[in-house]
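Reader: Could you walk me through this model, one question at a time?

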Amino acid sequence: MRPVDAHCHLDFEQYDDDREEVISRSRGELEFVVNAGSNLMHNRKALELQEETGGFVKANLGLHPTYTDSFDELEEVKKQIRNEMPVAVGEIGLDFHHVTDVEMRERQEEVFRELLELAGEIDRPVVLHTRDAEKQALEILEDYELEGVMLHCFNGSPELAYEASEKGYLIGVTTQVLYSRRVQDIVEAVDLESIMLETDSPFLYRGERNEPVNVVESAEKIAEIKGVSVDEVVEMTTGNSRDFFS
Ligand SMILES: [Zn+2]
């Protein structure tokens, strides 16, 4: 079995010069790759990638919580999601690290809630960004009945990660696991049954441009932390990603 990159942004300009090579390297090593959407335009690009790669790249459609300039696209994004029926709605959520203005945080929550509502209606799982707002986001989730929840790039406390996993939420472990003590502690705190591998490419690779194949390194690191074989990590995390994004 091959690993999956459950969250990346291959539609970003960082890949404009060599996107095909990056995707071809991914095809060589991975089962599939999930490209998160950020706003109307990025969602369109994600759909194009899905189309061009015959579904090897799967599109998530959402409205990213730091794309505050795009919040007025909400109605159009909702329409786009209803029309395209992506495998998941994302990324969506809260970001209190970048957004500090109280009114803008309120608007962020409104947008988040509307997209959770929609995901519930169309029975699609959600992919959440929760930077510095992990507790708040988990509380809001209590108000909705959802098909599935992925906490992408989770950087809350290991205790909170464990609590979330007990509710059946999946924890996205990025390539930060290679160098972040916090993320290594999260991996220790939750079962493999609750983990998906992701890169959040182009970000989170020791300051270099990240790419999907680097989940292979993460699988090795997680195997070391958990004291299991790399095969076991890949089998479990790929199974989780298949179930989640189908
Ligand atoms: Zn992302």
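Here are some questions and answers on the fold, the core and a few residues.

Author: Happy to. This is a predicted model, in which local features need pLDDT of at least 70 and side-chain atom pairs count only at pLDDT 80 or more, while totals for chains, interfaces and linings use all residues. Residues are numbered from 1 along each chain as its sequence is written.

Reader: How many helices and strands does the protein chain have?

Author: Helices (H or I, at least four residues) and strands (E, at least two) are DSSP runs, numbered from the N terminus. On that basis, the protein chain has nine helices and eight strands.

Reader: What is the radius of gyration of the protein chain?

Author: The radius of gyration is taken over C-alpha atoms, and the globule rule is 2.2 Å times the number of residues to the power 0.38. For 246 residues the rule gives 18 Å, and the chain's value is close to that, so the chain is as compact as a globular protein of that length. The radius of gyration is 17 Å.

Reader: Which residues touch the most other members of the largest nonpolar core?

Author: A nonpolar core is a set of buried Ala, Val, Leu, Ile, Met, Phe, Trp, Tyr and Cys residues joined through C-beta atoms within 7 Å. Buried means that 20 or more other C-beta atoms lie within 10 Å of a residue's own, exposed means 12 or fewer, and partly exposed is in between, with C-beta atoms placed from the backbone. The largest core holds 62 residues, and those touching the most other members are Val126 and Ile171.

Reader: Is Ser241 buried or exposed?

Author: Ser241 sits in helix H9 (residues 230-244). Setting aside residues up to four places away in sequence, Ser241 touches Val4, Ala6 and Met196, where contact means C-beta atoms, placed from the backbone, within 7 Å. Because Ser241 has 27 C-beta neighbours inside 10 Å, it counts as buried.

Reader: At what angle do H6 and helix H7 pack?

Author: Axes are lines fitted to C-alpha atoms, for helices over the stretch in contact, and angles run from 0 to 180 degrees between N-to-C directions. The axes of H6 and H7 (residues 181-189) are 8 Å apart. The angle is about 40°.

Reader: Which residues make the contact?

Author: By class, the contact of H6 with H7 has five nonpolar, no polar and two charged residues; here Ala, Val, Leu, Ile, Met, Phe, Trp, Tyr, Cys and Pro count as nonpolar, Asp, Glu, Lys and Arg as charged, and the others, Gly among them, as polar. H7 brings Asp185, Ile186, Glu188 and Ala189, and H6 brings Pro158, Ala161 and Tyr162.

Reader: Is Met85 buried or exposed?

Author: Met85 lies in the loop between helix H3 (74-84) and E4, and its phi is near 45°, a positive value in a residue other than glycine. Because Met85 has 10 other C-beta atoms within 10 Å, it is exposed.

Terms used:
Contact = placed C-beta atoms within 7 Å.
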